Amino acid sequence: MSTKTPYTQRYLNEAMLIMNRLDLTAIDTLIDLLVSLKGRGGRLFFLGAGGGAGHASHAVNDFRKIANIEAYTPTDNVSELTARINDEGWESCYVNWLRGSRLSSSDMVFVFSVGGGSLEHNVSPNLVRALEYAKEVGATIGGVVGRDGGYTARVADACVVIPTVNPKTVTPHTESFQALIWHLLVSHPRLQSSAMKWESLD
């Protein structure tokens, strides 16, 4: 895309390209896994850092309130999170939180991350350790990530990798589409249990 094109137009054109390249099969598989999770009464644990942590908190609200799925994220409790980081270290803070939550094979871990975690590059090692533990206990793993998806995409039962159309805007596009996809999931007729406020007023 020409650099002479105004940035606003370029950014939105990139978003349209991404929209048309999304892996619908991966999204539908996430829906299937979430329907199964809900059916067996399992819990949903969202993990992310930075923007992913903000998404995790928002998604917890939506899945609890709209889909009636018991959901949690470690970043909603700043006291416990920072105590674990201070006392145990960043790399182990999420896995130890999952241990304390008694993560089991009935549950699901869902990651929002741009890189998906990489021990080799020391990026989001806390996500990697958490997913290693999720695999160990037999929990289901899902995610929405960017670039090549990193460790999350390699081990997940279902993972949507947001296509890269411009290496300079990977992070904003990935985080934008993470929000779009989790809102798609929570409002899907197979998952939605409660009406959303504004829709209920019609």
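Visitor: How many residues apart are Glu80 and Arg84 in helix α4?

Guide: Quick caveat: this is a predicted model, with local features needing pLDDT of at least 70, side-chain atom pairs counting only at pLDDT 80 or more, and totals for chains, interfaces and linings using all residues. Numbering runs from 1 along each chain as its sequence is written, and side-chain values use heavy atoms, leaving out hydrogens and water. Helices here are DSSP runs (H or I, at least four residues; strands are E, at least two), numbered from the N terminus. In helix α4 (residues 78-88), Glu80 and Arg84 sit about one helical turn from each other, so their spacing is 4 residues.

Visitor: Which residues are linked with Arg84 in a network of salt bridges?

Guide: A salt bridge means a side-chain nitrogen of Lys or Arg within 4 Å of a carboxyl oxygen of Asp or Glu. Arg84 pairs with Glu80 at 3.0 Å and with Glu88 at 3.2 Å, N to O. That network joins Arg84 to Glu80 and Glu88.

Visitor: How far apart in sequence are the parts that Glu91 and Arg129 tie together?

Guide: The closest N and O atoms of this salt bridge are 2.7 Å apart. Glu91 lies in the loop between α4 and α5 (93-100), while Arg129 is in helix α6 (residues 125-137), so the tied parts are separated by 38 residues.

Visitor: How many disulfides does a search of the whole structure find?

Guide: A disulfide needs two cysteine sulfur atoms within 2.5 Å. For Cys93, the nearest cysteine sulfur belongs to Cys159, 20 Å away. The count for the whole structure is 0.
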